[in-house]
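My notes follow in the order in which I took them.

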Amino acid sequence: MESKVSLCSTCRTPIPREEALRPPTFPFCSSRCKMVDLGKWLGGEYVIPEPIRPDDYEAIEAVIAAQTGEG
Ligand SMILES: [Zn+2]
């Protein structure tokens, strides 16, 4: 039976995992917990890793060239 329950990401309250039973705020038990988690993101507690794009490589290479290329 434990496998049919998920824990709220914020307060660890058990939430039914079945689609028909779970709250619209899943995987959170309530909208409050959802907002708390969102606040963590906005507060910088979580870091979203951003993939490096080709444009970034050019910028990085330009920085390296500026540091090493010219005496
Ligand atoms: Zn909760």
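**Entry 1**

I began with T10, which counts as partly exposed because 19 other C-beta atoms lie within 10 Å; a residue is buried if 20 or more other C-beta atoms lie within 10 Å of its own, exposed if 12 or fewer, and partly exposed in between, with C-beta atoms placed from the backbone. I noted that this is a predicted model, in which local features need pLDDT of at least 70 and side-chain atom pairs count only at pLDDT 80 or more, while totals for chains, interfaces and linings use all residues. For my own bookkeeping, residues are numbered from 1 along each chain as its sequence is written.

I located T10 in the loop between β1 (5-7) and β2 (14-16), where strands (E, at least two residues) and helices (H or I, at least four) are DSSP runs numbered from the N terminus. Which residues does T10 touch, not counting residues up to four places away in sequence? I found F28, C33, V36 and D37 as the contacts of T10, a contact being two residues whose C-beta atoms, placed from the backbone, lie within 7 Å. I also looked up T10 against P27, and their C-alpha atoms are 9.2 Å apart in space although the two are 17 residues apart in sequence.

**Entry 2**

C11 sits in the loop between β1 and β2, and I recorded it as exposed because it has 12 C-beta neighbours inside 10 Å. With residues up to four places away in sequence left out, C11 touches C29 and C33, and its C-alpha atom is separated by 9.7 Å from that of V36, 25 residues apart along the chain.

R12 belongs to the loop between β1 and β2, and it is exposed, with 10 other C-beta atoms within 10 Å. I wrote down the phi of R12, near 65 degrees, as a positive value in a residue other than glycine. Most residues other than glycine have a negative phi, and most peptide bonds are trans.

What makes up the largest nonpolar core? I listed C8, I15, F28, C29 and C33, 5 residues in all; such a core is a set of buried Ala, Val, Leu, Ile, Met, Phe, Trp, Tyr and Cys residues joined through C-beta atoms within 7 Å. Checking C8 on its own, I found that it touches T13, I15, F28, C29 and C33, again not counting residues up to four places away in sequence.

I then followed the loop between β2 and α1 (31-42), where P27 has its place, and I noted that the peptide bond from F26 to P27 is cis, with omega near 10 degrees.

P16 lies in strand β2 and counts as partly exposed, with 13 C-beta neighbours inside 10 Å. Leaving aside neighbours within four places in sequence, P16 is in contact with K4, V5, L21 and R22, while the C-alpha atoms of P16 and F26, 10 residues apart along the chain, are separated by 9.1 Å.

**Entry 1: the helices**

α1 is hardly covered, with a count of 1 buried residue among its 12, and just after α1, G44 takes a positive phi of about 85 degrees.

α2 (residues 54-68) has 15 residues and reaches 21 Å, close to the 21 Å expected. The number of buried residues in α2 is 0, so this helix lies largely in the open.

**Entry 2: the whole chain**

Among contacts between residues at least 6 apart in sequence, 11% join residues at least 24 apart.

The chain averages a pLDDT of 82, and 85% of the residues score at least 70, pLDDT being the predictor's confidence in each residue, from 0 to 100. Confidence is lowest in α2, at a mean of 82, and highest in β2, at 94.

Conventions. Expected span 1.5 Å × (residues − 1).
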